[in-house]
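Student: I am new to this structure, and I would like to know what stands behind the words used to describe it. Let us go through them one at a time.

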Amino acid sequence: MDLKADLKAAVERAAADMGAPLDAAIQETPANKPGDYGTPAAFQMAKVLGQNPAQVAAELAQRVILPAGIARVEAAGPFLNFFVDVGTFVKGVVETPFAMAPRGGKVVIEHTSVNPNKELHVGHLRNVVLGDSMARIFRAAGHTVEVQNYIDDTGRQAAESLFAVQHYGRVWDGVQKYDHWLGEGYVQLNADPHKEALEPGIREVMHRLEAGELRAEVEKVVRAHLETCFRLGARYDLLNWESDVVGSGFLASAMNILEKSPYTSRPTEGKFAGALVMDVSAFMPGLEEPNVVLLRSDGTAMYAAKDIGYQFWKFGLFEGMKFKPFLTDPEGHVVWTSAPDGEPDLERRFGHADEVINVIDSRQDHPQTVVRSALGVAGEPEKQARSIHLSYAFVTLEGQTISGRKGIAVSADEAMDEAERRALAVLNEINPELAARADAPEIARRIGIGAIRFAMLKAEPTRKIDFRWDQALALNGDTAPYVQYAAVRAANILRRAEEAGYAADGSGADWSAVPALDVNLAKMVAKLPEVVAQAVRVHSPHVVAQYALDLATAFNAWYNAKDQQGKPATNVLQSPAGLREARLALVARLRRAFEETLDLIGIEVPAAM
């Protein structure tokens, strides 16, 4: 039941009948004000009608046709306050599954894109979790979503790690995780006082990477990275390799498009003589130097030019790459890869996005703005507007700055291992019987991985995060275990009801017996579609994480409510027949809401806590 949407439509129809059409805002009324929902629509209408807002509100209250679930409306000065029909409203929430209308358009989300030279560290987890959660949220909102992971297989980092293998005579034992083993060589090389003298050898490896001679070695790292990301719950559709992007002519295709623009030029004199230059002043006002060099005078490309070519391909401005299956993920979904020996994308399966979201840290704010501006330069303003940089701030671990080059980091694998160990230790401390169960490791896994994901999501992406174990795994506060515990508590009520022979499907429910106390919980459950729409609009999953906390808080407040005599007011199993069944149905719907909400941010509910 989307009662706010129904109210919005009803108010807008009445306003149009009064000769003052508008986009009505429907809000929940503050706790100290009468009613459940309200609208300040009379203020807007009064300006059009030239009347007093209070008079407009009074007439609007007479004209509005109330949707099912609303008992009455009152004008309070210039505001309209709506009161729900408690039984009808709660019944409607219980019987309405979470669903959103399919939306047209494809969204390409690129995330992870970690250099294939060493293991992922805990700081990378924020990128993976942000991107994966955005993909889940956009799918839930009805979009077609394609998740891409960019593999920089020609970069210096990969070359240094592979050079270290041959230079130091390193031999992989086949037991240690490959990316961890390779990363040890990278750290060793960067600590070597003679590194500068080794430059010729490093450059030779870079040439071999560019020629595709070492792709099989890089693939080993990529598979190890994917193993880490799969464990975290992330899923991908396509791996795009830098060497394939370069070899597919994207750069030339993009430059051909840009050279037709009045915003590009090839100066014949001055410091830009002979270069292909893009003037972004119309798209990035305020820059001291608005001219961006795309191609140097010798024809070599600046890094931004490659990024622009790749972004143009994502939007389907040209074709070029070949693809083949790479592996099958834990859910049986085929992950594809670009490949010189693959097949052309005749079905236009990949790219051709209506919106592109690049999840990249805040150091890339300026380059990403240049990439976005290039679409405007190319005469594609709609694509420019739908080219999104999901920028995020850095992560520290227990106050320590992370540096992969210096080896000052905790790997993502170690972080997940530690999270699961700590979760199991907490279980053993709180409930030894639970910790002794056969499924205790799985319970600890869900708690531990959930704690990591939630810690990376709960703040707005632009805020820095200091990840701390004790805070992430706490059962109280803004943590995943707090929400998971509430979900488990709801499941326990349903389990005890089933054992007692009571139905939780709404059969036998007396909805007229439902008190106003239950409305706030039902209202919170009903907000999920609105929350998903907001997360899509602001391009951030922190909105969903906050809603999960609000849902758990609302349930705990309802669960712990007391009557005037100080006795429990919402003991479900001790409620009178009819009300008991209605409340069980509400708790069952709440339980589904917990699962649906947490799934949007990749967190699973444990069997017990």
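Student: How do you know which element gives the largest share of the lining of the second largest pocket?

Tutor: Helix 20 gives the largest share, with five residues, and a residue counts as lining if it has an atom within 4 Å of a point of the pocket. The elements themselves are DSSP runs numbered from the N terminus, with helices being H or I over at least four residues and strands being E over at least two. This is a predicted model, in which local features need pLDDT of at least 70 and side-chain atom pairs count only at pLDDT 80 or more, while totals for chains, interfaces and linings use all residues. Residues are numbered from 1 along each chain as its sequence is written, and side-chain values use heavy atoms, leaving out hydrogens and water.

Student: What makes this space a pocket, and what is its volume?

Tutor: On a 1 Å grid over the protein atoms alone, a pocket is an open set of points with protein on both sides within 12 Å along at least five of seven lines. Of its 21 lining residues, Asp36, Ala516, Val519, Asn520 and Lys523 are the closest to the centre. Two or more residues come from each of strand 4 (79-84), helix 20 and helix 22 (542-559).

Student: How is the lining of this pocket divided by class?

Tutor: It has 14 nonpolar, three polar and four charged residues, where Ala, Val, Leu, Ile, Met, Phe, Trp, Tyr, Cys and Pro count as nonpolar, Asp, Glu, Lys and Arg as charged, and the others, Gly among them, as polar.

Student: Why is a space called a cavity, and how many are there of 30 Å³ or more?

Tutor: A cavity is a set of points where a 1.4 Å probe fits but cannot get out, and by this rule there are three of 30 Å³ or more.

Student: What makes up the lining of the second largest cavity?

Tutor: That cavity has a volume of about 70 Å³, and Thr112, Val114, Pro116, Asn149, Ile151, Val222, His225 and Leu226 line it. Helix 9 gives the most, with three residues, and by class the lining has five nonpolar, three polar and no charged residues.

Student: Why is the crossing of helix 4 and helix 20 given a hand, and which one is it?

Tutor: The crossing is left-handed, because that word is used when the near helix is turned anticlockwise from the far one by less than a right angle, and right-handed when it is turned clockwise. The axes of helix 4 (residues 86-95) and helix 20 come within 9 Å and cross at roughly 35°, with axes being lines fitted to C-alpha atoms, for helices over the stretch in contact, and angles running from 0 to 180 degrees between N-to-C directions. Val86, Phe89, Val90 and Val93 of helix 4 meet Val519, Ala522, Lys523, Val525 and Ala526 of helix 20, where contact means heavy atoms within 4.5 Å. Eight of these residues are nonpolar, none is polar and one is charged.

Student: What makes strand 14 and strand 15 a pair?

Tutor: Two strands pair if DSSP finds at least two bridges between them; strand 14 (residues 355-361) and strand 15 have six, in the parallel sense, so they count as a pair. Asn358 stands opposite His389 in strand 15. They belong to an open sheet of eight strands in the order 13-11-12-7-6-5-14-15, with mixed pairing. Strand 13 (343-344) and strand 15 (387-392) are at the edges, each with a single partner strand, so one side of each has no neighbour in the sheet.

Student: How do strand 9 and strand 10 run, and how many bridges join them?

Tutor: Four bridges join strand 9 (residues 276-279) to strand 10, and the two run antiparallel, with Met278 opposite Val292 in strand 10. Helix 13 (residues 365-377) packs on their sheet, touching strand 8, strand 9 and strand 10, with its direction at about 90° to that of strand 9. Helix 13 also lies across strand 14 and strand 15, running at about 175° to strand 15.

Conventions
Grid points are joined across faces, edges and corners, and a volume is the space filled by probe spheres set on the points.
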